[in-house]
Amino acid sequence: MLLSACQANEEDLVFVGEGEYWSSNVTVYQSNGDETYQIEINYKESNLQDIKNFNYYVKGKNNNVIDFEEDDASLNKQGNYQKKLPISNSPATSEKDELLITVEWNGSSEDFTLTNK
């Protein structure tokens, strides 16, 4: 019973994916006719001192309403970034949707797809 209390609610959707340098997950919380988001981005390399700030862009691939970004985000000492987003929409995301994330850092860019797990 204790383990199930730590998991996301049944209505929540968790989209995960990874590229060569970055991995990410986006949790979509759906309750009371509303949808909010939390994002986690992880840098997979060990040379964290090379990353001062990065930008990211998330967009729904299947014409859903998810579309958010942040400039000048920063990693913690473990190479992670996590943020609960103050964006709120009517629930439009389903488990069949896919999200496309673009991460830009130090003149480099990486795109990868997040799918519902």
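# Notebook: one helix, eight strands

**Fold.** I counted one helix and eight strands in the protein. I took both from DSSP runs, H or I of at least four residues for helices and E of at least two for strands, numbered from the N terminus. The model is predicted, so I noted the limits: local features need pLDDT of at least 70, side-chain atom pairs count only at pLDDT 80 or more, and totals for chains, interfaces and linings use all residues. Residues are numbered from 1 along each chain as its sequence is written, and side-chain values use heavy atoms, with hydrogens and water left out.

I then read the order along the sequence. The pattern is α-β-β-β-β-β-β-β-β.

**Contacts and surface.** I looked up contacts next (heavy atoms within 4.5 Å). Of the contacts with a separation of 6 or more, 57% join residues 24 or more positions apart. The accessible surface is about 7,100 Å². Carbon and sulfur atoms hold 43% of that surface. I used Shrake-Rupley areas with a 1.4 Å probe; for residues, only the protein chains shown count as cover.

Of the 117 residues, 38% are buried.

**Core.** Which residues touch the most other members of the largest nonpolar core? I found Trp-22, Ile-39, Phe-54, Tyr-56 and Phe-68. The core has 25 residues. My rule for a nonpolar core was a set of buried Ala, Val, Leu, Ile, Met, Phe, Trp, Tyr and Cys residues joined through side-chain atoms within 4.5 Å.

I checked which elements give two or more residues to the 25-residue core. They are β1 (13-18), β2 (22-31), β3 (34-43), β4 (54-60), β5 (67-73), β6 (80-89), β7 (98-105) and β8 (108-116).

**Salt bridges.** How many salt bridges does a search of the whole structure find? I got four. The criterion was a side-chain nitrogen of Lys or Arg within 4 Å of a carboxyl oxygen of Asp or Glu.

*Lys-44 and Glu-18.* Their side chains meet in a salt bridge at 2.6 Å, N to O. The pair links distant parts of the chain, 26 residues apart. Lys-44 sits in the loop between β3 and β4, and Glu-18 in strand β1. Lys-44 is partly exposed at 36% relative accessible area. Glu-18 is exposed at 54%.

I stayed on Glu-18. Not counting residues up to four places away in sequence, Glu-18 touches Ser-23, Lys-44 and Phe-112. I also took a C-alpha to C-alpha distance: Glu-18 and Asn-42 are 9.1 Å apart in space and 24 residues apart in sequence.

*Glu-70 and Lys-83.* This salt bridge has an N to O distance of 3.2 Å. Glu-70 is in strand β5 and Lys-83 in strand β6, 13 residues apart, so I logged the pair as linking distant parts of the chain. Glu-70 is buried, with a relative accessible area of 18%. Lys-83 is partly exposed at 31%.

*Asp-67 and Lys-59.* The closest N and O atoms of this salt bridge are 3.3 Å apart. Asp-67 counts as partly exposed at 47% relative accessibility. Lys-59 is partly exposed, at 47%.

I looked for a charged residue without a partner and stopped at Asp-97. Asp-97 lies in the loop between β6 and β7. It is buried yet has no salt bridge. Where is the nearest side chain of opposite charge? That is Lys-96, 9.4 Å away. I counted Lys and Arg as positive and Asp and Glu as negative, with His and the chain ends not counted. A polar atom of the Asp-97 side chain lies 2.7 Å from the backbone nitrogen of Ser-94.

**Backbone angles.** Most residues other than glycine have a negative phi. I listed two residues with a positive value. Asp-72 has phi near 60°. Asp-72 is found in strand β5 and is exposed, with a relative accessible area of 56%. Asn-106 has a phi of about 45°. Asn-106 lies in the loop between β7 and β8.

Definitions and conventions. Buried < 20%, exposed > 50% of the residue type's maximum accessible area, 1.4 Å probe, protein only. Polar contact = N/O pair within 3.5 Å; in protein donor to acceptor, adjacent residues only side chain to side chain.
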